[in-house]
Amino acid sequence: MNQKHTAIYLKILLFFAFICLLGWSIFLIREKLLSNAKDMGIHLAQSYADEEENRIDIYSMLLSLGAASLQEGIDHGETDEQLHTRLSDYSSQLEQLLHTSIIDPYGVINGKIVAAVPWEGDKDYDYASAEWYRKAVEAEGDVVYTNAYPDAITGESMVTLSKALSRTGDVLAFDIMLDSFHVHQNKASLPLKSSYYLFDANNNLMYASGDSSLDSEKNNVYLARLASYIRQGNLTESSTTITGIDGTRQCVYYSEMSNGWLSVITIPISIILQDGWDNTILLITFFCLILTVTTGIILIRGYFNDKKMRQISETIQILGDS
């Protein structure tokens, strides 16, 4: 192999090394952007989860105060009417404190429903089989809360916090409609075109905010798939995406709360990659491909031209020798 051939092969090797280095650099930059976005998204999801935990703690504290007040009335031998008045007064105090009516307090006292706002059919209500009642009795004084469920009277989705009182079987409960659960919005701001979802332990959607619309059966299928993928651990990698409601690829970041609820943030990958980074990569790849093909054609033509010139030179030399 002469020096000319060696130089050609060296140029080819350097060219392909440059292409590989360029592609690897682009890949590393993309992965770094996605990794940084994952750290930010998880931190944001954790921030929202902390706010949800604080919200529950506040409602739990209010429930404990109400339970203490109701227990005081029971200890003083107050009648059902007096206990009803006590609960009504406490409900009014909660409304003033929260600047809105979002909590409906009621209790099971001595086997009967005593409510701040009595509802029709409360005498026939089977409270003993209700999740909030059974959990409270089993917790023996700790505050418990249910997952989202339809209200037996209105059919609206709600959660219930409950706490057992001193006497066995007595329980105080707070009903909170999901539409009112987040009357005070989360403080952390979402990135552009992002969405926030709160799922309970049974993957029921409790709350959503952000860019997504949630009005169709298609959206319900998407939300069920989103929660299921998270529970199954299919969305842990920074580059893993899920197809969103609008058909765009969404990166998913989440944090699981102590009660099994999920705080979920979705961000379009186009926003993370600065609106078209993937398209830029495709353009650069296409350019490199064209450059590779062009260079290959030039090198091949040069090789054959060089071979032809050598043949001509050898022929002339033979003729000269003759």
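# A tour of the predicted chain

Helices (H or I, at least four residues) and strands (E, at least two) are DSSP runs, numbered from the N terminus. This is a predicted model, in which local features need pLDDT of at least 70 and side-chain atom pairs count only at pLDDT 80 or more, while totals for chains, interfaces and linings use all residues. Residues are numbered from 1 along each chain as its sequence is written, and side-chain values use heavy atoms, with hydrogens and water left out.

**Whole chain**

Colour by accessibility. Of the 322 residues in the chain, 37% are buried; buried means under 20% relative accessible area, exposed over 50%, and partly exposed in between (1.4 Å probe, protein chains only). Switch to a surface: the accessible surface comes to about 18,400 Å², and carbon and sulfur atoms hold 56% of it. Such areas come from the Shrake-Rupley method with a 1.4 Å probe, and for residues only the protein chains shown count as cover. Among contacts (heavy atoms within 4.5 Å) between residues at least 6 apart in sequence, 59% join residues at least 24 apart.

**Largest pocket**

Next, find the largest pocket, which has about 460 Å³ of space. Select Asp104, Asp151, Met158, Asp175 and Met177: of the 24 lining residues, these are the closest to the pocket centre. Strand 1 (104–109), helix 3 (131–139) and strand 6 (171–177) are the elements that give two or more residues to the lining. Coloured by class, the lining shows 15 nonpolar, five polar and four charged residues. Here Ala, Val, Leu, Ile, Met, Phe, Trp, Tyr, Cys and Pro count as nonpolar, Asp, Glu, Lys and Arg as charged, and the others, Gly among them, as polar.

The search uses a 1 Å grid over the protein atoms alone: a cavity is a set of points where a 1.4 Å probe fits but cannot get out, a pocket is an open set with protein on both sides within 12 Å along at least five of seven lines, and lining residues have an atom within 4 Å of a point. Grid points are joined across faces, edges and corners, and the volume is the space filled by probe spheres set on the points.

**Aromatic cluster**

Show the rings of Tyr106, Tyr127, Trp132 and Tyr133, which form one aromatic cluster. The structure holds eight aromatic pairs. Tyr127 and Tyr133 make an edge-to-face pair, at 4.9 Å centre to centre with 70° between the planes. Trp132 and Tyr133 also form an edge-to-face pair, at 5.9 Å centre to centre and 90° between the planes. Rings of Phe, Tyr and Trp (its six-membered ring) pair if their centres lie within 6.5 Å; planes under 30 degrees apart count as stacked, over 60 as edge-to-face and the rest as tilted. Tyr127 counts as buried because its relative accessibility is 18%. Trp132 and Tyr133 are both buried, with Tyr133 at a relative accessible area of 11%.

**Two buried residues**

Move to Thr266, in strand 11 (residues 262–268). Its relative accessible area is 1%, so Thr266 is buried. Not counting residues up to four places away in sequence, Thr266 touches Ser194, Ser195, Tyr197, Tyr222, Leu226, Gln250, Cys251 and Val252.

Then select Gln71, in helix 1 (residues 3–75). Gln71 is buried at 12% relative accessible area.

**Two loop residues with positive phi**

Most residues other than glycine have a negative phi. Asn110 has a positive phi, near 55°. Asn110 sits in the loop between strand 1 and strand 2 (112–115) and is exposed, with a relative accessible area of 55%.

Finish at Glu140, where phi is also positive and near 55°. Glu140 lies in the loop between helix 3 and strand 3 (144–145) and is exposed, at 71% relative accessible area.
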